[in-house]
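Subject: Structure handover

Hi there,

Here is the structure I promised to pass on. My notes follow below it.

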Amino acid sequence: MADQTSKVYSRLIQVTDFITGNRTAMTIPWDPDCTKFPNRKDVPKREDAPSGAAWVWGKDDYLGRINLLTPTRVTAASKQVRTGEIVPLNLPLHIPEVPAFNREPFKHEIKTLAEGVAYDDKYSLNTQSGTQWDGFRHFAHIPTTTFYNGTKGSDIQGSTQDPNKCGIHHWAQHGIAGRGVLLDYWGYANEKGIVYDPYEYHAISIADLQECGRAQGIDIRPASQGGDIQIGDLLFIRSGFVSTYYSKSPDARAAAALRPHTVGPDDGQRWAGVKQEEAMIDWLHDCYFSAVAGDAPSFEAWPTQEDYHLHEYILALWGMPLGEMFDLEKLAKTCREKGRWTFFVTSSPANCEGGVSSHPNALAMF
C-alpha cells in the first residue's frame, strides 16, 4: 500500500510540474537546478541517515546547501549589483580581542627577511575566534555522534582520519556567491523599544523575525509559500553583538568572554540568538537558504534550553554553512539608507584540506 501511495504521489507531482513548469526534487540525489524542494516533513529519508537528516545531494557530497548556488541562481543574484558599493562583512582578525568559549586569540608576528627591505608576516588563528564559517566538521548530530553525510569523529582526527570527508576545502573549491538577505532585528528592536542585552541569553523567535521582516517590507516566507525568500538565498541576522561589543569597555568585554563554559542550560557563556523552536527549524529548512549567518558568537540563543541545538540541524543534518560574528554594522546602515535589504554577497573560504572552519572573506555588493 505504501509503495502504491508513493507512486500516486510521484505521478501527481509530475502532472503538477507539467502544468506549472516547475521541476520538483523527488529522487535522491537531488538535482540542484530543481525549482521546487519538499518541506522538512516530506524530505525522503536515507536509510543510513539519522532521523531528520536531509542528506540528499549524494553519498559523496560535502557541499550540502552550497549545491543550491548554481550558475543560474548566481547569475540571477548578480543583478542585485546596481550602484557598485562594496561592504566588507568581516571583523578585524584580532576582534574579539578575548574570544568566547575558551578559544585562543589571534596573534600576528612580523618576520624580517631583510631589514628595511623585505618582510613576511605570520598568523596564529583559531578559525572560531572571530568572524567565521562553521564547517561541517565543527558540530555533530549529538545523539548519533555523526557529522554531515555520515562523517564520524574518526574521519576528522586519529589514525583513520580522512581529510576529504567534510573538509572546508570543498567549499573553497566551489566558492560561495548569491543573493543575501538581511534581517536587522537589533535595529528593529531598538525602534520598537524591545530591550535586551546581546551579551545575555535572549531568544529571538520566528514571530520576532516575521515582525522584523514586515517592518523592512520583507515577507520572510519562502517563495513557494508566497513569500520573498528565494531558493539559495544567504540569510544574515543582526542581533546586536557587534554593536554592543564596541560600546563596552575592554574589561567588560573580556569578563563576558571569560565566563565559565560548561555543557548544558546553565552554561556561563550566554548570548542572544535565534530561538530553538519547531517553527524556527521548519522555516530555516523550508526556505532552502544556501547559508545562514549572524553577528552573534553562537547564531542561536546560547545556551539552548531544549534537548537539541540548532547547530545539529543546520550543520550535521542539513549541511548548511553557519556563520557567526559577521560584521553587519555597515551592511545594516547601507541597507537602511538604500531602502533595500537584499544584495549580492560573495565569500571565499580558506582552501585548507580537511579544515573544520574558515574565516569567510565575505563581501556584500549593492
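Let me start with a question: is Phe 101 buried or exposed? Phe 101 is buried, with a relative accessible area of 12% (buried means under 20%, exposed over 50% and partly exposed in between, with a 1.4 Å probe and protein chains only).

A word on conventions first. This is a predicted model, in which local features need pLDDT of at least 70, side-chain atom pairs count only at pLDDT 80 or more, and totals for chains, interfaces and linings use all residues. Residues are numbered from 1 along each chain as its sequence is written, and side-chain values use heavy atoms, leaving out hydrogens and water.

**Overall picture**
The protein has 11 helices and 13 strands (DSSP runs numbered from the N terminus: H or I of at least four residues for helices, E of at least two for strands). Of its 366 residues, 53% are buried. Its radius of gyration is 21 Å, which agrees with the value near 21 Å for a compact globule of 366 residues; this is taken over C-alpha atoms, and the globule rule is 2.2 Å times the number of residues to the power 0.38.

**The cores**
The largest nonpolar core has 78 residues, and Phe 236, Trp 283 and Leu 331 have the most contacts inside it. Such a core is a set of buried Ala, Val, Leu, Ile, Met, Phe, Trp, Tyr and Cys residues joined through side-chain atoms within 4.5 Å. Its largest share, five residues, comes from helix α10 (residues 310-317). Apart from this core lies another, of 12 residues, and Phe 101 is among them, as are Leu 91, Ala 100 and Ala 256.

Helix α10 deserves a look: eight of its eight residues are buried. They pack against β4 (132-134), β8 (272-274), α9 (278-286), β9 (291-294) and β10 (322-324). Just after α10, Gly 319 takes a positive phi of about 70°.

**Backbone points to check by eye**
Most residues other than glycine have a negative phi, and most peptide bonds are trans. Phe 101 has a positive phi, near 60°, and lies in the loop between β1 and β2. Pro 96 lies in the loop between β1 (86-88) and β2 (107-114), and a cis peptide bond with omega of about -5° joins Ile 95 to Pro 96. The bond from Ile 28 to Pro 29 is cis, with omega near 0°. Tyr 288, in the loop between α9 and β9, has a positive phi near 55° and is buried, at 3% relative accessible area.

Best wishes

Conventions: Contact = heavy atoms within 4.5 Å.
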